[in-house]
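Please keep the structure open while reading.

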Amino acid sequence: MVTQLDGGTAPSDVSEPVPGEPTSSSTLPGLVVLMLERLDVTEGMNVLEIGTGTGYSTALMCDRLGYDNVTSVELDPDVAAKAAAALRRLGHAPHLVVGDGLEGDDNRAPFDRVIATCSVRRIPSAWLRQTRPGGRILTTLGGWLHGYGLALLDVSDDGAAEGRYLPGTISFMMARPQAPPMIDDARWNEVSELLTRAEPRPAVVDMDIQQDWTGRFVMQLALPCVLQRAISVDGGPWTEYLIDVTTGSSASLTPEPGGGWTVRQAGPVRLWDEAEKAIGRWRDAGAPAQDEFRVRTDGHEQTVWFDTDDGPVSWTLGAQDE
Ligand SMILES: C[S@@+](CC[C@H](N)C(=O)[O-])C[C@H]1O[C@@H](n2cnc3c(N)ncnc32)[C@H](O)[C@@H]1O
């Protein structure tokens, strides 16, 4: 249930439907319970939550663990104030922090459990540092191409964490500091113009891959810093454009009237070649479901992989906090 749009508009501000990007919401109650069960939260544990939102999930944990064992961080001051008032009305006084949950909360660490109800591109190193060995982290890992997965990691004595993606199609809004960078219309138009001069080739894998939950997730792994937009030039077919914000590389995929898609690419990285390579490796291994993927982070790098008879097929997602 969306409770804020565009970092400002609350339901009480409007009397009829308005457009906007959801920036806060109350998580589906059943999903909150499922996540707490998966996280294996029990009495006596000290828990860190990132994304207080309405305070609903915070309230459930306060009820179960006692509010002194619950710390919840919310970035948005208005949202945080409303949650604090709601929790107070219920008689709960958890440790509420207004700030960037990607930093965790050093004051209340170490935690037995960390749960995020916003998505992150990578596990922040602060969460690792602040989780006790034997503790657990549950978060959706996602990205700008909207490939998401709910991951549960166990923290080991050496301060690394390893785990797996859980079954289901669960996504959360991105942590605000990791929201996609703005690319203005002029840049998209420039890329579209540039790509008209690029050599076309038929696509081996096309954009329909995004209809498949795990297919989209694999595409996300292959293109971690890429943004996508559909543009129709002069009433022509809707073409999907990709821009990699780190290298400036770009690609387009245009559906052909007779079927199939045409790819055009520009820049130092051939983006769609990379996507096709990743999807190819995944399909060659029998297209394993997302819950066969594993994830590991040592505080510096994050690796995602699935195992095959010939060894792991893996992706490294770069530095944690970049
Ligand atoms: C899906 S809502 C949380 C739902 C909440 N758990 C509930 O049960 O109502 C996600 C929240 O994460 C917050 N958020 C986004 N980025 C954040 C960050 N870096 N640190 C803390 N909170 C963040 C958003 O403002 C939003 O309120």
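How do the residues of the lining of the largest cavity divide into nonpolar, polar and charged? They divide into seven nonpolar, four polar and two charged. Here Ala, Val, Leu, Ile, Met, Phe, Trp, Tyr, Cys and Pro count as nonpolar, Asp, Glu, Lys and Arg as charged, and the others, Gly among them, as polar.

## Basis of the model

This is a predicted model, in which local features need pLDDT of at least 70, side-chain atom pairs count only at pLDDT 80 or more, and totals for chains, interfaces and linings use all residues. Residues are numbered from 1 along each chain as its sequence is written, and side-chain values use heavy atoms, with hydrogens and water left out.

## The cavity

The count comes to one cavity of 30 Å³ or more. A cavity is a set of points, on a 1 Å grid over the protein atoms alone, where a 1.4 Å probe fits but cannot get out. Grid points are joined across faces, edges and corners, and a volume is the space filled by probe spheres set on the points. The largest cavity holds about 140 Å³ of space.

Its lining has 13 residues; lining residues have an atom within 4 Å of a point. Arg121, Gly142, Gln220, Leu221 and Leu317 lie nearest the centre of the cavity. Helix 6 (213–222) and strand 16 (301–308) each supply at least two lining residues. Helix 6 gives the largest share, three residues. Helices (H or I, at least four residues) and strands (E, at least two) are DSSP runs, numbered from the N terminus.

## The largest pocket

A pocket is an open set of grid points with protein on both sides within 12 Å along at least five of seven lines. The largest pocket contains about 1,100 Å³ of space. It is lined by 49 residues, with Glu21, Pro22, Thr23, Met173 and Met174 nearest its centre. Two or more lining residues come from each of strand 2, helix 1 (29–39), helix 2, strand 4 and strand 11 (226–232).

Strand 2 gives the most to this lining, with four residues. By class, the lining of the largest pocket has 26 nonpolar, 18 polar and five charged residues.

## The ligand site

The ligand sits in the largest pocket, as more than half of its atoms lie within 2 Å of the pocket's grid points. Around the ligand are 27 residues, each with a heavy atom within 4 Å of it. Ser24, Thr54, Ser57, Glu74 and Gly101 come nearest. This shell divides into 10 nonpolar, 13 polar and four charged residues. Strand 2 gives the most, with three.

Polar contacts are pairs of N or O atoms within 3.5 Å. A polar side-chain atom of Ser57 is 2.7 Å from a ligand nitrogen atom. A backbone N or O atom of Gly101 also lies 2.7 Å from a nitrogen atom of the ligand. A polar backbone atom of Ser25 is 3.4 Å from a ligand oxygen atom. The protein covers 100% of the 610 Å² of accessible area that the ligand has on its own (Shrake-Rupley method, 1.4 Å probe).

## Backbone features

Most residues other than glycine have a negative phi, and most peptide bonds are trans. The peptide bond from Ala109 to Pro110 is cis, with omega near 5°. Pro110 is in the loop between strand 5 (95–98) and strand 6 (111–116).

Asp40 has a positive phi, near 60°. Asp40 lies in the loop between helix 1 and strand 3.

Notes: A polar contact is a pair of N or O atoms within 3.5 Å; within protein, one must be able to donate a hydrogen and the other to accept it, and residues adjacent in sequence count only if both atoms are side-chain atoms.
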